[in-house]
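Hi everyone, thanks for making time. I'd like to walk you through one model today, so let me put it on the screen.

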Amino acid sequence: MEKTENHGLRKWLSFLPPAQWLPDYRASYLPSDAVAGVTLAAYAIPVSLAYATLAGLEPQVGIYGYLLGGLGYALFGSSRQLAVGPTSAISLMIASSVAMMADGDALRYAQIASLAAFTVAGLALISWALRLSVLVKLISDSILVGFKTGAGLTIAMTQLPSLFGVPGGGHNFFERLVLILGQIGGINLTILAVGLAAILAIIAGDRLFPGRPVALAVVCLSIAAATLFGLPAMGVPITGVIPPGLPSLQGPALRLRDVEGIVPLAGGVLLLAYIEGVSAARSFAAKHSYEMDPRQEFLGIGAANLFTALGQSYPVAGGLSQSAVNDKAGARSPLALVFASMTLAVCLLFLTGLLENLPKAVLAAVVLTAVAGLINFPELLRMARVSRVDFYAAAIALVAVLLLGILQGILLAALASIIMLLIRASRPHVAFLGRIPGTNDYSDVDRHPENEPLAHAIAFRPESNLIYVNADTVLAAVLDRVETAKHADLKLVVCDLSASPLLDLAGSGMLHKLHGELAARNVVLRIIGAHGRARDLLRADNLQEKVAGVERRTLDEVLKSQEL
């Protein structure tokens, strides 16, 4: 009974990563985690204020997201360096989607944003239960490059009105661009000067003091300048009063059925949060030589969003930029997130009054410099040069985000990724083999024209899994080669399945059809190189009797046994 209880306890503790890393935690790690936490908080304050403004919410709501999201992730996340908080892409996704749902009601807007975080938490728990970590594979790296570039351009375009001091407007990148071009004559030079000065200061500071909270220093300097020179009186918009105090914890004010479209919004947020978070977590796990659990990340993301939703904030995610700050500052464990949350709590209690004169143009500068790293035209050009297929996939994601927005863009990018995968799988290369001169080895004659052709035989090797999406394509390629074979006395066709580890009933059915077509021509079919599971399926489908067995044989052995 005691063993059973201990086993059950260990099973439940496995869902709490701190139970795994705390026993090995050393006291010498504590100063590093404390410094990393304070540094992360210094990075988070200006970024969270800017992202909350981008999301259309009160600035302090962004700080709530970092404070509470970090605590939730520290309890259930498997990465020791990943930092969780509002991100630029999710902030814009919330802004573009919730605005239509709220219909101009500011209170309802905030409630829907909070409900989105609750819904993300629920979907994350369902995804964990269903083991849907395959979600991370829905979007290829190529498509992610296009998506991030489109997101960066879209986010940048939303910040230009605040930088120029013009009204802006529009629903997508191109509409916003046209409207801003039409408002060029109304640019407020004072606001523009403040914003450009902030951008230049952040860029210079990042180069001169890498890894330091440069954005926070620029924010502090801009507040001092705004107060000293009376910038609000000159028409420079400021954040205004930020309510002091910690967020109050409460459940959702709305239910799912009260808001149409909330589940697709949360699904898109979860997809983006999971892909970006797991990608970042894997890179840090590899760097520090420990294992991260992709499935556990659903619980980490879910807990982070549940905590932020209870604090009336909006969806959060792990991001590479804030995690890099956390890692460079020396984070050894998720305790760094706890120290960051403690630091942010102190700021909310005692320092919010200092942020009143923060120019909004400076927040726009923070966002613009933060999203600049998302835009990667050099990689797009490299794709165009190296792999057109990957370039087209990235271009689809880029255009989708620019035209449709972040939410529709990420969903279309996922769909495009699946379609591209199916297209690739449906058109496998079929290698027709010839003998390498002077050897008993064989390779693709199309790639190596110097290979010796097989006498009275054709040998082919499908270079992919042989499944329902490509079985007909492979059959057509083989029959076409049979029809165009120069030797009229064809006696043997050999199917080499060594490059096809997976075979389904459609693949087996294709081999049955091929056997029938060849038998009508008095040609023998033989199969070689089949893997274990493929052999089991072929035997179960009664194909071995037609091809004289499916045991592992070499092509040279089959050719000699047929005495061609």
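Predicted model: local features only at pLDDT ≥ 70, side-chain atom pairs only at ≥ 80, totals over all residues.

On the α7 side, the residues are Ser142, Ile143, Gly146, Phe147, Thr149, Gly150, Ala151, Leu153 and Thr154. Facing them from α17 are Asp390, Ala393, Ala394, Ala397, Leu398, Val401 and Leu402. Sorted by class, this contact of α7 with α17 comes to 10 nonpolar, 5 polar and 1 charged residues. As for geometry, α7 covers residues 141-164, and its axis comes within 7 Å of the α17 axis, with a crossing at roughly 30 degrees. Angles under 35 degrees count as roughly parallel, so α7 and α17 fall into that class. The crossing of α7 past α17 is right-handed.

Let me zoom out for a moment. The protein chain has 564 residues, and 51% of them count as buried. There are 22 helices and 7 strands in the chain. Along the principal axes, the C-alpha atoms fill a box of roughly 95 × 75 × 50 Å.

Now back to α17, with another partner. Helix α16, residues 377-386, packs against α17, residues 388-404, at about 140 degrees, and the axes are 6 Å apart. Roughly antiparallel would need an angle over 145 degrees, so α16 is oblique to α17. This crossing is left-handed. From α16, the contact uses Leu380, Met383, Ala384 and Val386, while α17 brings Arg388, Asp390, Phe391, Ala394 and Leu398. The class count here is 7 nonpolar, no polar and 2 charged residues.

The next pair is α6 with α11. Helix α11 runs over residues 262-288, and its axis comes within 8 Å of the α6 axis at a crossing of roughly 65 degrees. α6 passes α11 in a right-handed crossing. Among the α6 residues in this contact are Ile112, Leu115, Val120 and Leu123, and α11 contributes residues including Ile262, Val263, Leu265 and Gly267. By class, the contact of α6 with α11 has 12 nonpolar, 3 polar and no charged residues.

Let me finish with a few single residues. Most residues other than glycine have a negative phi. Where does Asp103 lie? Asp103 is in the loop between α5 and α6, and its phi is positive, near 55 degrees. The relative accessible area of Asp103 is 70%, so the residue is exposed. His456 also has a positive phi, about 60 degrees, although it is not a glycine. You will find His456 in the loop between β4 and β5. With 24% relative accessibility, His456 counts as partly exposed.

One last stop: is Gln296 buried or exposed? Gln296 counts as buried because its relative accessibility is 5%, and buried means under 20%. Gln296 belongs to helix α12, residues 296-310. A polar atom of the Gln296 side chain lies 2.8 Å from the backbone oxygen of Phe76.

That's my tour, and I'm happy to go back to any of these views.

How values were computed
Residues numbered from 1 in each chain as written. Heavy atoms only, no water. Helix = DSSP H or I, 4+ residues; strand = E, 2+ residues; numbered from the N terminus. Buried < 20%, exposed > 50% of the residue type's maximum accessible area, 1.4 Å probe, protein only. Polar contact = N/O pair within 3.5 Å; in protein donor to acceptor, adjacent residues only side chain to side chain. Axes fitted to C-alpha atoms, helices over the stretch in contact; angles between N-to-C directions. Parallel < 35°, antiparallel > 145°, perpendicular 65-115°, else oblique. Left-handed = near helix turned anticlockwise from the far one by under 90°. Contact = heavy atoms within 4.5 Å. Nonpolar A, V, L, I, M, F, W, Y, C, P; charged D, E, K, R; others polar.
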